[in-house]
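Visitor: Please walk me through this model. Keep it brisk.

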Amino acid sequence: MQRRRLLQAGAACTVLPRGAWAQPLYAGPMFDAHLHYNDDAQQPHPPADVLARMARAGVRGALVNSRPNDGTLRLVAEAGPQWVPFVRLYRNRADYTGWFADDGIRRMVLAQLEAGSPAGPFRGLGEFHLYDSANADGPTAVALMKLARDRGLTVLAHVDDVAVDKLLGHAPGTSLIWAHAGIAGEPLARVRELLEKHPGLCGELSYRPGLTQDGRLSSDWRALLTRHADRFLIGSDTWITQRWQHYGDLFADYRQWLGQLPAEVASRIAWGNAAQRFGLREASATTPAT
C-alpha cells in the first residue's frame, strides 16, 4: 500500500511561478538529504549533468545512495559538493521486498563499509523500505540497526510510524532519518510524538502530504517546524529518472516555503541540521541560477 501511494504521487511536481508570493525566497545554501543516483539515471544524467543541476539549484551537499552502490561511488568521486555517502541495501530491485531477512545484505553492507568510498567512509545505511511494519523485526533489520548504532552511522528509512518505533526500539539512540516524515500522511501529532520520544530521529520532507497547499506552508506544519527546527531536512528523492528533470524546480519549491519561516529556522532545515549531523564545512549563501 505504501509503495502504491508513492507511485501514485508520481515523478512530476507542480511548480508555481517564483514570484507568485510576496514573501522573499530562502536564498541560502541547501543540502539534499535524499539523493539517489540509480543505475537507470546514469546514462541520461552523467555526473557532469548532476553537478550542474545541483549548482543551479544552490545545493552544496548531498546524502547520496543508489541501486546498486556503484552509482554512489561514481558520483561521490566528483569534486565540488560536500558528499555524504550511504550504503544502500539493494543490489537490485528484488532486494526491496526481502532484505530485512537476508543475511547476504548484512554481509554486503559490511564489505562496503570496509571498502569505503572516494569521498571517505560511508556515513550511513539506506534508503531502505519496509512495506509491512512487522518486517522491522526481521533479523537483518535488527542487526543493521544495531550496527548503525554501534558505528555511529545514520539510517535513512522509508517506513511507517510503527516501523520507526520498532527500529529505534531495537537500537535506542540510533540516528534515523525518516524519509518523507511519513509518506502515508501520519498525523502531525504522531510525528511530534515520535520526535519527542526518539532524540535521534529526524524527518526528511520530500513528498510529505499536507506540508503545503498551493505553495503555502500549512499553519500546523509551520508550528511543528518552528518548534522542532533542529529535526528536519529536505531532499529531492530522485527515485526515478524523471525526477532529475525537475531537480531545480523541487528546490525552487523548497525555497518558496522556507521563505515563509523565520530565517534561523529556514537555515537550519535547508543546511544547518545536515551540517551538524554530518560535520559539513560552512557553506556560503547563494543565489540559485534562474
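Guide: Helices (H or I, at least four residues) and strands (E, at least two) are DSSP runs, numbered from the N terminus. This is a predicted model, where local features need pLDDT of at least 70, side-chain atom pairs count only at pLDDT 80 or more, and totals for chains, interfaces and linings use all residues. Residues are numbered from 1 along each chain as its sequence is written, and side-chain values use heavy atoms, with hydrogens and water left out.

Visitor: Where is Pro68 placed?

Guide: The peptide bond from Arg67 to Pro68 is cis. Its omega is near -10 degrees. Pro68 sits in the loop between strand E2 (59–65) and helix H3 (70–75).

Visitor: Which strand holds Glu127?

Guide: The peptide bond from Gly126 to Glu127 is cis, with omega near 5 degrees. Most peptide bonds are trans. Glu127 belongs to strand E4 (residues 124–129).

Visitor: How many helices and strands are in the protein chain?

Guide: The DSSP runs give the count. The protein chain has 11 helices and 10 strands.

Visitor: What radius of gyration does the protein chain have?

Guide: The radius is taken over C-alpha atoms, and the globule rule is 2.2 Å times the number of residues to the power 0.38. The C-alpha atoms fill a box of roughly 55 × 40 × 35 Å along the principal axes. For 290 residues, a compact globule would come near 19 Å; the chain agrees, at 18 Å.

Visitor: What share of the residues in the protein chain is buried?

Guide: Buried means under 20% relative accessible area, exposed over 50%, partly exposed in between (1.4 Å probe, protein chains only). Of the 290 residues, the buried share is 57%.

Visitor: What share of the contacts with a separation of 6 or more comes from residues 24 or more positions apart?

Guide: A contact means heavy atoms within 4.5 Å. Among contacts with a separation of 6 or more, residues 24 or more positions apart account for 75%.

Visitor: How many aromatic pairs are there?

Guide: Rings of Phe, Tyr and Trp (its six-membered ring) pair if their centres lie within 6.5 Å; planes under 30 degrees apart count as stacked, over 60 as edge-to-face and the rest as tilted. By this rule the count is 12.

Visitor: How many residues apart are Tyr37 and Trp244?

Guide: Tyr37 and Trp244 pair edge-to-face, 6.5 Å centre to centre and 85 degrees between the planes. Tyr37 is in the loop between strand E1 (30–36) and helix H2 (47–57), Trp244 in helix H9 (residues 242–245). Tyr37 is buried, at 0% relative accessible area, and Trp244 is buried at 0% relative accessibility. The pair links distant parts of the chain, 207 residues apart.

Visitor: Which residues do ring pairs link into a cluster with Tyr37 and Trp244?

Guide: Ring pairs build this cluster. Besides Tyr37 and Trp244, the cluster holds Tyr247, Phe251, Tyr254 and Trp257.

Visitor: In which loop does His180 have its place?

Guide: Most residues other than glycine have a negative phi. His180 is not a glycine, yet its phi is positive, about 70 degrees. His180 is buried, at 0% relative accessibility. Its place is the loop between strand E6 (175–178) and helix H7 (188–197).

Visitor: Is Ala181 buried or exposed?

Guide: Ala181 lies in the loop between E6 and H7. Its phi is near 45 degrees, a positive value in a residue other than glycine. At 0% relative accessibility, Ala181 counts as buried.
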